[in-house]
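Reader: I have a structure open and would like to go through the terms used for it. Could you take me from each value to its label?

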Amino acid sequence: MNPQRFPFTRETSLFVLAYLYVPVVVLIAYSFNANRTATVWTHASLDWYGRILVNPSIQSAAWNSLVIAVSAATAATVLALLAALATRRAFLGCGASEAILNMPLILPEIAVAVATLLLFVSLGVKLGLGAMVAAHTAFCIPFAYLPIRARLDGISGTYEEAAHDLYANRFRTFRRVTMPLLWPGVMAGFTLAFVTSLDDFLTSFFLAGPGLTTLPVYIFSAIRAGITPEINAISAVMLVVSVLLVSLSFFLGRLRR
Amino acid sequence: MTQASSPPAVSIRNVAKSFGKGIYAFRVLDDVSLDIGRREFFTLLGPSGCGKTTLLRLIAGFETADSGAISIEGEDVTARPPFHRPVNTVFQSYALFPHLTVEQNVAFALEEQGMARDAIRKRVGEALEMMRMGSFAKRKPAELSGGQQQRVALARALAPRPRVLLLDEPLSALDLKLRKEMQIELKMLQEEAGITFLFVTHDQEEALTLSDRVAVMQSGRILQMGPPREIYETPTHRFVADFIGDINLLDGEALPGGGVRLEGGTVLSAPHNASGKVTVAIRPERARLAPAGEGALEATVVHSAYLGTAMLHKLDLPGGGTFLLRQSDPTEAAPEAGSRVGLALPAEALRVLDR
Ligand SMILES: Nc1ncnc2c1ncn2[C@@H]1O[C@H](COP(=O)(O)OP(=O)(O)O)[C@@H](O)[C@H]1O
Ligand SMILES: [Mg+2]
């Protein structure tokens, strides 16, 4: 966009950027605040980061978050990969399958979370880690599916024909040609699914069961007792991890080959 | 050329292929039959969309025929998947694996065939040397020019020593100069490697230059098949005559017992056993200039172009239509533009074709 041509383009952009990022900057800044009261600045310190490292409930929440995110992202990526390969050739109901797969992007999460809770309770499924991994897997699938699908669409079928022509059967072709070409898309999908799971509050909150917390659930319960610099520090760490991972996935998705 | 004792390199029997279903069905190949001899350079020539690629893909095994049979060196491969057919393809887009180096690309088929490591290294080295790509072995395809990718694609397809090499317009992505160079190289390569080449092109000049035999295709059928000279000099269809080289086509009606009455009323003496509407075809270099009033036809000179080795005259016929005449001795006196001349059309140079 040429700022010469449209008046106030620069001002508008700056305003939107500020609107989006000032809260984040404030959060990060206060996470380095020495004062016990989160909203009063005294001087810079790394105390709070030190504390969250040794706080056992934060450690266990972080561990749970990590276990759930890794398991759910792995399962979602495998399912998304299979789905992407299956919907590659158009078949009857192919469009519908894709729509169903991507449903979690549109459905209100609160409704799905409540529905899942009701289902699990009525089926007698024990709430906790297993239930959370299952639910997270479901809503992570579209996040894993979209980059894989985009990558797959970008791979010309001629490469696979060339592999067949050079005596590789279907399995060998998948292993030696399709999968290596698809790999950046799979990694990008996994990373997005991982971040989505790590970030999730609603579903985790409903399905956690007694005594089990994830980081977002911990932050929510801690904040009811008042905003502390510790919370700023955890949030800042999560923010940085998420930004790094999403950037990584973006980079992988655009990787030439 | 075909040996009577051994079966042909490729034999195609009554192959038909349609795409789409029901009312959308579209017949791309219609009862195609042909035999390609061992070590032959055979070319499928035809305009874009006539079914050349489809025929090649049927032989490679990427498509299955609706009916008919395909065999390679006497073995019926009609039902075999591409990875069980002793043919290799040079794709129009080259289709080099972007994640593998040049050397890994060339080794791919050999590895799939379970060849020993040392033998693979040796064979890859030879194939790359033959294409003068030895110093690029460690590069990725994206780091090569179009011409270099072309060589790697050839090396990759030749390394497993296929019975037949299928080439789908392999030179069409190259610029003219490189294209001419690669044409000569391809021809030499084929003679050296002693492999049957099935070459696809829509460029008639390329087809005539390279091939032992050419099959001219139109709308999913083979119209004429033969050595380049035969195709050029004795076309059997109006389409073939028109598609290959410059030619003059004069419409008329066949007279019983020989001769053709042109639309202007002139009667040409041309041997034929046709009847009804016909076209008389004559190449620009086979017609001769004659003094006005002599010759079979009268014409007016519109324009003359000096080509160095010849003069090309563009003439207007009185009944409408233009006539091209190539005067092979440019030092001969040339008629002025606007002057009236006669055209001598030797009977043996005339081809009478059905319309
Ligand atoms: N997979 C396909 N599905 C539908 N139509 C096709 C397919 N492949 C080729 N065709 C059609 O078949 C005709 C012949 O194609 P092709 O064999 O590629 O011609 P050529 O190589 O001579 O240009 C074209 O009209 C093309 O549109
Ligand atoms: Mg083609």
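Author: Gladly, and let us begin with the interface: chain B and chain A bury about 2100 Å² between them, with 63% of it on carbon and sulfur atoms. Please keep in mind that this is a predicted model.

Reader: Why is the pair A:E161 and B:R57 called a salt bridge?

Author: The test asks for a side-chain nitrogen of Lys or Arg within 4 Å of a carboxyl oxygen of Asp or Glu. The side chains of A:E161 and B:R57 meet at 2.7 Å, N to O, so the pair passes. Across the interface of chain B and chain A, the rule finds four salt bridges.

Reader: Now to chain A. Why does A:H136 count as buried?

Author: Buried means under 20% relative accessible area. A:H136 has 1% relative accessibility, and therefore counts as buried. Its place is in helix 6 (residues 129-154) of chain A.

Reader: What makes A:H136 and A:D200 a polar contact?

Author: The cut-off for a pair of N or O atoms is 3.5 Å. The side chains of A:H136 and A:D200 are joined at 3.4 Å, so the pair falls within that limit. Beyond its neighbours within four places in sequence, A:H136 is in contact with several residues, including A:I68, A:A72, A:S197 and A:T203.

Reader: Which residues surround ligand 1?

Author: Among them are B:F19, B:F26, B:V28, B:P47, B:T53 and B:T54. B:G49, B:C50 and B:K52 also belong to these surroundings.

Reader: How do you know that B:K52 makes a polar contact with ligand 1?

Author: A polar side-chain atom of B:K52 lies 2.9 Å from an oxygen atom of ligand 1, and the limit is 3.5 Å. For B:G49, a backbone N or O atom is 2.6 Å from an oxygen atom of the ligand. For B:C50, a polar backbone atom is 3.2 Å from an oxygen atom of ligand 1.

How values were computed
Residues are numbered from 1 along each chain as its sequence is written. Chains are lettered from A and ligands numbered from 1 in the order in which they are written. This is a predicted model: local features need pLDDT of at least 70, side-chain atom pairs count only at pLDDT 80 or more; totals for chains, interfaces and linings use all residues. Side-chain values use heavy atoms; hydrogens and water are left out. Buried area is the accessible area (1.4 Å probe) that two parts lose on being put together, summed over both. Helices (H or I, at least four residues) and strands (E, at least two) are DSSP runs, numbered from the N terminus. Buried means under 20% relative accessible area, exposed over 50%, partly exposed in between (1.4 Å probe, protein chains only). A polar contact is a pair of N or O atoms within 3.5 Å; within protein, one must be able to donate a hydrogen and the other to accept it, and residues adjacent in sequence count only if both atoms are side-chain atoms. Contact means heavy atoms within 4.5 Å. A residue is near a molecule or strand if one of its heavy atoms lies within 4 Å of it.
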